[in-house]
Amino acid sequence: MEESVIFEIFDGLPRQGPGLDECTEKAFSLIPALKPGIRIVDIGCGAGMQTRHLARICDKCHITAVDIYEPYLEQLIEKAREEGIAERISAVCASMEDLPFEDKEFDVIWSEGAIFIMGFEKGLQYWKRFLKDEGFMALSDAAWFTDTPCAELFQFWQECYPAMKTIPENEKIIEAAGYRVIDRFRLPACAWWDYFYAHLEKRLDEVEEKFKGNEDGESTIAFTRKEIEMFRKYQDEYGYVFFVLQKKSQE
C-alpha cells in the first residue's frame, strides 16, 4: 500500500490503531517505582492520544513523542497546548528504525500498536539500547488468541502481518531479547471500535469517491474494509495485547 495514501486516510482520526485511555493508564500503573523526572519516549505515537494521556497521569515526567509523519506531531502538540500539558511533551520526527537518541537515554519506552511496522522481535532488540538498565517498556501488538485460527482469518493476516505470534510465543521472544514480563493483558474489543474502527469506517466512506480510479487508494480502502470485517467476525481469535516489560540488568 502507498504510504502517502495511508497517511491521508488516517490523518485526523483520534487514533491510528486500537487503544483506550483506560488501557494506557492500566499499563502505566503496572510499572513499579517510577520517580519524578522520568523520561518516556513514545515510539510511533501517531496523533498521540496516548501520549497526552500519559502526560496527564504522570505530571512529573517528560515525554518525547516520535513519529515519521510530521502532521501527526503537529496535531499532538496543538492539542497538548489546548490541554495545558505541552510543557511535558516534545516531538521528534524520525523513523522508529533510526532513532536520534543516546544509548540508555530513557526510563520508559512506550509504543501502542506501532512495533509491527519494524517487527516485534527486531523492535525489542533495537529499542533496548535506548533504555536505561532495568528500565521499562510498555507496548501493544496484535497476537493470536488461539493456536488454530480459522483459515480465512489466518490467510488474511499471513498477507499483512505474517510474523504475528501467540501470546506465549511473544513471551519467549521477549525473554530472549533480554526483558522480563511484569504483566500483560488483552485490550477489550471496545479498544478497537470506540476510537479507531468507528471513526475509520466513517473516513473510508468520506474518501472513497475521492480515490476512485487511484489504484493505491482503492486497494488501501478495500484492504482496510477487509481488516474491519475480519475483526467483526473473528475478534475472539486475535486482538491486541499490552505487554509491560523490564529490561534485565547487564550481567
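Predicted model: local features only at pLDDT ≥ 70, side-chain atom pairs only at ≥ 80, totals over all residues.

Student: How many bridges join strand β1 to β2, and do they run parallel or antiparallel?

Tutor: Strand β1 (residues 39-43) and β2 are parallel, joined by 5 bridges. On to β3 (residues 89-93): β2 (residues 62-67) is parallel to that strand too, with 5 bridges, and A65 has A91 as its bridge partner there.

Student: What do β2, helix α4 and β3 make?

Tutor: Together they make a β-α-β unit, and a right-handed one, with α4 covering residues 70-83.

Student: In what order do the strands of the sheet come?

Tutor: The open sheet has 7 strands, ordered β3-β2-β1-β4-β5-β7-β6, with mixed pairing. At its edges are β3 and β6 (179-186), each pairing on one side only. Helix α3 (residues 49-57) lies across β1, β2, β3 and β4 (106-112), at about 175° to β2.

Student: And how should I read aromatic pairs?

Tutor: A pair of rings is described by the distance of the centres and the angle of the planes. The structure holds 26 aromatic pairs. In one of them, W193 and F231 are tilted, 5.8 Å centre to centre with 55° between the planes. W193 is in helix α8 (residues 190-207) and F231 in helix α9 (residues 215-234), so this pair ties together parts 38 residues apart in sequence.

Student: Are W193 and F231 buried or exposed?

Tutor: Both are buried. F231 also pairs with Y197, edge-to-face, at 6.0 Å and 65°.

Methods:
Residues numbered from 1 in each chain as written. Heavy atoms only, no water. Pairing = 2+ DSSP bridges. Helix = DSSP H or I, 4+ residues; strand = E, 2+ residues; numbered from the N terminus. Right-handed = clockwise from strand over helix to strand, strands pointing away. Contact = heavy atoms within 4.5 Å. Axes fitted to C-alpha atoms, helices over the stretch in contact; angles between N-to-C directions. Phe/Tyr/Trp six-rings, centres within 6.5 Å; stacked < 30°, edge-to-face > 60°. Buried < 20%, exposed > 50% of the residue type's maximum accessible area, 1.4 Å probe, protein only.
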